[in-house]
Amino acid sequence: MPIRKPLADLIRPKDLSQFVGQKDLIKEGQPLYQIIKKHVPISLLLWGPPGTGKTSLAQIIAREFNYPLANFNASIDNKAKLTRIINTYPYQSFVLLIDEIHRMTSTLQDFLLPYLESGRILLIGATTENPIMSIVPAVRSRCQIFEFKALSDHDIEQVLIRALKEVFNFKDENIDQEAIKIIAISADGDLRVALNLLETIHAVNGEDLSVENVKQFVKVQRFAYDRKATKHYDYLAAYSDSMAGSDTDAALYYLAVLLKNGDLRKHPMPRGLRDMHYKHSEEITGGGLIDNPFAQPFQIAKQNYMPKGLEGKRYYFAKDNVNEKKLEQQYLKLHKYIYGKEYGK
């Protein structure tokens, strides 16, 4: 029996018209769109959460350029495999997709340099980590860096519906929109997770893709948080900045994310709160661009600290005693000064 491809591979976009998400990068007229459509032979570093289209875009680029595509996984592959790949294409340019490129040793990265210089390799490096921290400067300087964002629930729903129709032969009237919405929400911006969920639920329940059946699977989904990852330091920075900025509720929110609660991660922090303690952080992530509260009148900056969608959300409520009530009144005045309005208005 032949090996059946996973649903995530069966439903991969064939061209930019089928690609979902990242509209600020690949819609017509945007820089990455121009690079692809005008066949600009520049290597790329694509970084962002898993399941956001980095690998799919690399395949589209190879197809657009009419180049062969070779795959290298820095987590499990070695120099011998990389050498074999390069020797496979001695007289032509090809796209080299390096997945998990942040795990590639600096020695192996340096090995790529002459091939990048000659144009023989068009590198597409896919990574979940900030390339400023993990890619050697010599390689990084020969690439354009683009940050991918987690997909919206709506983006994921579009692909799930397309998968149901094209792969599982569902008719419109047989698709439970609410069930699809639950899968999309539970995937937390990761299309691969959503497609794997859909594939499993369909394998178990067949055509009965009901809300009840979907809930049985998605309720066990949990937030994955890597203490060594870039995002960990971004949340630490946001926590520290929110405290410095006198926003108790924002500080409590970021502390909650750091401690445990994964559901909160669906609300990304303002870009200026992200970690800025490395070279080029401002240009790459926007970290450090937020106003310094200590340089403002009264040492308080009038700027937003809460994630989009949680503006005005209140987490701190005073206990019923005189001292805390005084602190609460002071904090309410600070909030009004920072945001220019009272809670709930």
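This is a predicted model: local features need pLDDT of at least 70, side-chain atom pairs count only at pLDDT 80 or more; totals for chains, interfaces and linings use all residues.

Q: Which residues of helix 9 are buried, and what do they pack against?

A: The general idea is that an α-helix has 3.6 residues a turn, so residues three or four places apart point the same way. In this structure, the buried residues of helix 9 are D155, I156, E157, V159, L160, I161, R162, A163 and L164. These buried residues pack against helix 1, helix 10 and helix 11.

Q: What is found at the start of helix 11, and what follows the helix?

A: At the start, a side-chain oxygen of D190 reaches to within 3.0 Å of the backbone nitrogen of R192. After the helix comes G206, whose phi is positive, near 65°.

Q: Now for a strand: how many residues of strand 4 are buried, and which way do they point?

A: Strand 4 is mostly covered, with 7 of its 7 residues buried. I121, L123, G125 and T127 point one way from the strand, while L122, I124 and A126 point the other way, and all of them are buried.

Q: In what sense does strand 4 pair with strand 1 and strand 3?

A: Strand 1, made of residues 43-47, pairs with strand 4 in the parallel sense over 4 bridges, and within this pairing L46 has A126 as its bridge partner. Strand 3, made of residues 94-99, also pairs with strand 4 in the parallel sense, over 6 bridges, and here the bridge partner of V95 is L122.

Q: Where does N130 lie, and is it buried or exposed?

A: N130 is in the loop between strand 4 (121-127) and helix 7 (131-134), and because its relative accessibility is 0%, N130 counts as buried. A polar atom of the N130 side chain lies 3.0 Å from the backbone nitrogen of I132.

Q: Is S240 buried or partly exposed?

A: S240 is in helix 13, residues 230-244, and its relative accessibility is 39%, so S240 counts as partly exposed. The C-alpha atoms of S240 and A251 are separated by 7.3 Å, although these residues are 11 apart along the chain.

Q: How should I describe aromatic rings that lie beside one another?

A: A pair of aromatic rings is described by the distance of the centres and the angle of the planes. The structure holds 4 aromatic pairs. In the pair of Y253 and Y254, the ring centres are 4.9 Å apart and the planes stand at 75°, so this pair is edge-to-face. Both Y253 and Y254 are buried.

Q: What sits over the ring of Y337?

A: The charged end of K302 sits over the ring of Y337, at 4.5 Å from the centre of that ring.

Technical notes: Residues are numbered from 1 along each chain as its sequence is written. Side-chain values use heavy atoms; hydrogens and water are left out. Helices (H or I, at least four residues) and strands (E, at least two) are DSSP runs, numbered from the N terminus. Buried means under 20% relative accessible area, exposed over 50%, partly exposed in between (1.4 Å probe, protein chains only). A polar contact is a pair of N or O atoms within 3.5 Å; within protein, one must be able to donate a hydrogen and the other to accept it, and residues adjacent in sequence count only if both atoms are side-chain atoms. Rings of Phe, Tyr and Trp (its six-membered ring) pair if their centres lie within 6.5 Å; planes under 30 degrees apart count as stacked, over 60 as edge-to-face and the rest as tilted. A charge sits over a ring if NZ of Lys or CZ of Arg is within 6 Å of the ring centre and within 35 degrees of the ring normal. Two strands pair if DSSP finds at least two bridges between them. Contact means heavy atoms within 4.5 Å.
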